[in-house]
Amino acid sequence: MGPAQGRHLIAGEWVEGEGTFRSSPWTGEGRDFALGSPALVDRAVQAAEAAFPAYAALSREA
């Protein structure tokens, strides 16, 4: 399992998921991914909304 698997990156912080699930690709090995929850989605949305004004003010070059 890689460093990000089983966790979510929210506002620069790795947050543990509520378990994992294995993907079922058409070919190749399945991979494990972190389960989300409504609370984690809400936390991520709030962080994105808080970050948007500063991000939107950046120039294209930045």
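Where is the place of S23? S23 sits in the loop between strand 3 (20-22) and strand 4 (32-34); helices (H or I, at least four residues) and strands (E, at least two) are DSSP runs, numbered from the N terminus. This is a predicted model, in which local features need pLDDT of at least 70, side-chain atom pairs count only at pLDDT 80 or more, and totals for chains, interfaces and linings use all residues. Residues are numbered from 1 along each chain as its sequence is written, and side-chain values use heavy atoms, with hydrogens and water left out.

**Overall layout**

- Along the principal axes, the C-alpha atoms fill a box of roughly 40 × 30 × 20 Å.

**Surface and contacts**

- Of the 62 residues, 15% are buried, where buried means under 20% relative accessible area, exposed over 50%, and partly exposed in between (1.4 Å probe, protein chains only).
- The protein exposes about 5100 Å², and carbon and sulfur atoms supply 57% of that area; the areas come from the Shrake-Rupley method with a 1.4 Å probe, and for residues only the protein chains shown count as cover.
- Among contacts (heavy atoms within 4.5 Å) with a separation of 6 or more, 34% join residues 24 or more positions apart.

**Loop residues**

- S23 counts as partly exposed because its relative accessibility is 24%.
- Leaving aside neighbours within four places in sequence, S23 is in contact with G30, R31 and F33.
- S23 and F33 are ten residues apart in sequence, and their C-alpha atoms are 7.5 Å apart.
- A11 lies in the loop between strand 1 (7-10) and strand 2 (13-16), and counts as exposed because its relative accessibility is 68%.
- The phi of A11 is near 55 degrees, a positive value in a residue other than glycine. Most residues other than glycine have a negative phi.

**The helix**

- Helix 1 (residues 38-56) has 19 residues and reaches 26 Å from its first C-alpha to its last, close to the 27 Å expected; the expected span is 1.5 Å times one less than the number of residues.
- Helix 1 has a kink of about 30 degrees at A50, shortly before the proline P53. The bend at a residue is the angle between axes fitted to the seven residues ending there and the seven starting there.
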